[in-house]
Amino acid sequence: MPATTDSSNCDREQIQFSGAIQPHGALLVLGETELRIQQASANSEAFLGLPPDALLGQGVARVLGKSASAELRERLAAHSLSAGLVHLMTVQPLAGTPACHLFGHRTADGHLLLEFDRLDEAARISAPDVYQSVHAALHRLQSAETLQAFFDHAVVEVRAITGFERVMAYRFAADGSGEVIAESLAAGLEPYLGLHYPAVDIPEPARRVCRLSWLRHLPDAGYHSVPLIPECHPETGAPVDLSRSFLRSVSRMYTGYLKNMGVKATLVTTLLKDGQLWGLISCMHHSAPRYLPFETRAAVECLAHMVSLLMGRKDAEDHYAYRLKLGEAREQLLDAMFQANAPHPALRAAEPNALSALDAEGVALLDKGELHRLGQTPAEADILALAEWLARRDGLWFASHELAEAYPPAASFQPLASGLLAVRWAPGSPDGLLWFRPEWRQVVHWAGDPNKPMEIDDSSGEARLMPRTSFELWKETVAGQSRPWLECEIEHAIELRHGIVDLILRHTEQLRRINR
Ligand code: BLA
């Protein structure tokens, strides 16, 4: 019987210090001054013609020859290698082994890493072809009218460039879980579109690596890892940080997971929005291992950058019409308030009122201690208690689609008011506007029960966490939540508050003048 344990083990695994690489390339760790080889991957002979013991302590010229190593020095000086992997040059090792692409970067702990990736002439696409495919893909992406259409195009484009059997756009939710929001797949494969995966499937160390590099490739998930020789750096006695290495040997939790999913090769690119990890484009090959040459990887990486830049704009465009309607409704309402010299028009039955254009079912106005309500709201006493709770919080606005999580008494507001958007006029005061949204029951399709505890394999005598083995569809009905508040709705509420506060200040000023 497998025992159960806690998933935080996955969040603690130091995946960057695996001390080993995948076998489709070779790696050297060099000393800065003489470019002397301090560590070499055990497979160096296949790529560079010499085994590690013939390389350690030698200058890199032993592998590349004098003229290529002089050129390498110039390239190293010309690039900032601390920001990530740089394609330095193509090299022909002295030993007559096949030519390689040579990548370099400096690790966070200050070591210079060179990675050799064999030039595959047969699979190579030309620079004009790379340009053409990225250019055509961008053109089609730009013409997409909604964010959904944009991702539907993006996965088709990435699949056309990579030839992977399954390409998915995966979007993270605030709790770290994620959903497959678009998918392009080969005939006969079972779709994952719409499935949700728990946060633990992509633990924090993997997310950190995703933020550090745009693209990661695992050409053969069933590979045997190749250790670095010696395993630890001779000067520091510690393994070097391989976070940005493209050959890094990955965690066995991940390869085990892929095996359970029937995946033989992967390519994963990062999607960032405003510098934050927003999602991934995840490519899987099921029938056989699949290696992508540098030129194709570069095309995909370029596309991932573009998708990251464009998706923010598409997202804003998606809500453009709604944003305009909210703006117009706000202007009319503020006009009505200025004429009345009070915020009460917000609650009148006729439009414009505080519900005009906004997707909410009820609103309450608390002004100078008096409460007014419109539409579906909780009872008066409940709203007053809620407003007192808000007044004790920092910040003049509050938005939640799951109010009872933050404010447990709201459990009794279900299903009338599961979500709240609120603004207050001033710190410490409960006066302000509160909008309510009813419960929105949805069925979430999980790929495997996210609440099922993880398994540990104690067959080896030592307890080890096992990757998830069950991907059976598990349906969860999410209750007690409303539709989430959009950024443009929160902005609308904040703008309306500004207008009302202006009005109150003007009114106070008028009273002061009259009383003088
Ligand atoms: C890594 N898991 C990952 C990565 C992805 C996923 C995308 C990053 C891979 C990369 O950057 O190359 C998971 N891929 C998915 C999911 C989808 C997908 C969910 O396409 C959905 C369609 N994995 C587990 C469990 C653990 C775990 C239970 O399922 C831990 C207990 C661990 N996943 C795990 C680890 C890594 C990982 C440790 C990092 C691997 C590495 O880079 O060393």
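In this predicted model, the centres of domain 1 and domain 2, taken over C-alpha atoms, sit 29 Å apart. Where the two touch, domain 1 puts in 14 residues and domain 2 puts in 9 residues. On the domain 1 side, strand 2 (20-21), strand 3 (25-30) and strand 7 (112-118) each bring at least two residues to the contact. As for the overall layout, domain 1 covers 18-118, domain 2 is made of 127-223 + 247-317, and domain 3 takes in 320-439 + 482-515.

Next comes a pair of helices. The axes of helix 6 (residues 127-142) and helix 7 (residues 147-162) come within 9 Å and cross at roughly 165°. Angles over 145 degrees count as roughly antiparallel, so helix 6 runs roughly antiparallel to helix 7. The crossing of helix 6 past helix 7 is right-handed. From helix 6, Ser133, Ala137, Arg140 and Leu141 take part, and they meet Phe150, His153, Ala154, Glu157 and Ile161 of helix 7. Sorted by class, the residues of this helix 6 and helix 7 contact come out as 5 nonpolar, 2 polar and 2 charged.

Then there is the ligand, with 30 residues around it; Cys10, Ala206, Arg216, Val250 and Ser282 are the closest. Several elements each give at least two residues to this shell: strand 8 (166-172), helix 8 (204-212), helix 9 (252-261), strand 13 (265-273) and strand 14 (276-285). The shell around the ligand counts 22 nonpolar residues, along with 4 polar and 4 charged ones.

How values were computed:
Residues numbered from 1 in each chain as written. Predicted model: local features only at pLDDT ≥ 70, side-chain atom pairs only at ≥ 80, totals over all residues. Axes fitted to C-alpha atoms, helices over the stretch in contact; angles between N-to-C directions. Helix = DSSP H or I, 4+ residues; strand = E, 2+ residues; numbered from the N terminus. Parallel < 35°, antiparallel > 145°, perpendicular 65-115°, else oblique. Left-handed = near helix turned anticlockwise from the far one by under 90°. Contact = placed C-beta atoms within 7 Å. Nonpolar A, V, L, I, M, F, W, Y, C, P; charged D, E, K, R; others polar. Near = placed C-beta within 6 Å. Domains from an automatic or database assignment.
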